Amino acid sequence: MAATNNEFEFLGVNHLALVCKDMAKTVEFYRDILGMPLTKTIDLPGGRGQHFFFDIGNGDSLAFFWFPEAPEAVPGISAPAALPTQGSFISAHGSMNHIAINVRADKFDDYYNRLVEKGINVSKVLNHDDSPMQSTDELHPGVFVRSVYFFDPDGVCLEFAAWTKEFDESDVAHDPVQADGTKREGFITGRTPVLAE
């Protein structure tokens with residue numbers, strides 16, 4: 001189901017900007033291990049740092065700042081402390097939890113194996129479905145996306161994600177939770193709650 005935006009014509013992700021501790025190690029990881037072309041490099045004026053851009057396909061970029069006075073990362077607050085299935089995947093409000101890079105479904109298993117061969121510590125493959133556990137070890141017709149997660153040298157959580165299903169109206173079926181933990185009943189589903197008499 002291709003949704004239409006009637007407010008703005010967006011053309012995808014221009015770039016996601018992250019902060020690294022060591023730009024050289026970042027280039028080694030993203031360009032040399034993951035194979036992302038380095039498309040633009042900037043030395044910020046006044047010695048304020050650097051800003052480098054990597055091509056992640058479809059005209060989208062992953063960008064990194066290096067700031068000489070940047071604070072250290074705080075895993076478990078500014079980013080997840082562990083990969084899914086390996087510990088807490090929670091991060092703080094306003095943080096970037098992870099970025100999922102879209103890959104072809106028919107290449108997913110090969111790409112997973114390449115990450116392992118390159119010595120990257122990866123999560124197990126998660127075949128996301130609508131079961132009570134939300135994922136399964138087995139690939140079946142109800143799986144809508146396949147995922148593998150891993151960290152970059154700075155603890156940025158990355159995901160290779162492969163869509164395996166085309167979405168339809170049935171895939172938008174949950175009302176959102178508000179800050180107080182209650183669901184905003186009917187906001188998305190249109191269903192009003194049944195009140196007990």
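Reader: Which side chains meet glutamate 72 or lysine 21 in a salt bridge, and where do the partners lie?

Author: Side chains of opposite charge can pair when their charged atoms come close. A salt bridge here is a side-chain nitrogen of Lys or Arg within 4 Å of a carboxyl oxygen of Asp or Glu. Glutamate 72 and lysine 21 meet in this way, at 3.3 Å from N to O. Glutamate 72 sits in the loop between strand 4 and strand 5, and lysine 21 in the loop between strand 1 and helix 1, 51 residues apart. Helices (H or I, at least four residues) and strands (E, at least two) are DSSP runs, numbered from the N terminus. This is a predicted model, in which local features need pLDDT of at least 70 and side-chain atom pairs count only at pLDDT 80 or more, while totals for chains, interfaces and linings use all residues. Residues are numbered from 1 along each chain as its sequence is written, and side-chain values use heavy atoms, with hydrogens and water left out.

Reader: Are glutamate 72 and lysine 21 buried or exposed?

Author: Buried means under 20% relative accessible area, exposed over 50%, and partly exposed in between (1.4 Å probe, protein chains only). Both glutamate 72 and lysine 21 are exposed.

Reader: How many salt bridges are there by this rule?

Author: The count comes to 7 salt bridges. Among them is the contact of aspartate 109 with arginine 146, at 3.2 Å from N to O. Aspartate 109 lies in helix 2 and arginine 146 in strand 8 (residues 145–151), so this pair ties together parts 37 residues apart in sequence. Aspartate 109 is partly exposed, because its relative accessibility is 42%, whereas arginine 146, at 8%, is buried. Another of the salt bridges joins aspartate 137 and lysine 124, at 2.9 Å from N to O.

Reader: How many aromatic pairs does the structure hold, and how is a pair to be read?

Author: Rings of Phe, Tyr and Trp (its six-membered ring) pair if their centres lie within 6.5 Å; planes under 30 degrees apart count as stacked, over 60 as edge-to-face and the rest as tilted. The structure holds 10 such pairs. One of them, tyrosine 30 with phenylalanine 64, is tilted, with 4.8 Å centre to centre and 45 degrees between the planes. Tyrosine 30 belongs to helix 1 (residues 23–33) and phenylalanine 64 to strand 4 (residues 60–66). Both tyrosine 30 and phenylalanine 64 are buried. Phe29, Tyr30, Phe54 and Phe64 form one aromatic cluster.

Reader: What is the volume of the largest pocket, and which residues are closest to its centre?

Author: Rolling a probe the size of a water molecule over the atoms shows where empty space is left. On a 1 Å grid over the protein atoms alone, a pocket is an open set of points where a 1.4 Å probe fits, with protein on both sides within 12 Å along at least five of seven lines; lining residues have an atom within 4 Å of a point. Grid points are joined across faces, edges and corners, and a volume is the space filled by probe spheres set on the points. The largest pocket has a volume of about 590 Å³. Of its 25 lining residues, Val19, Cys20, Pro71, Ala73 and Asp154 are the closest to the centre. Strand 1 (residues 15–20) supplies the largest share of this lining, 4 residues.
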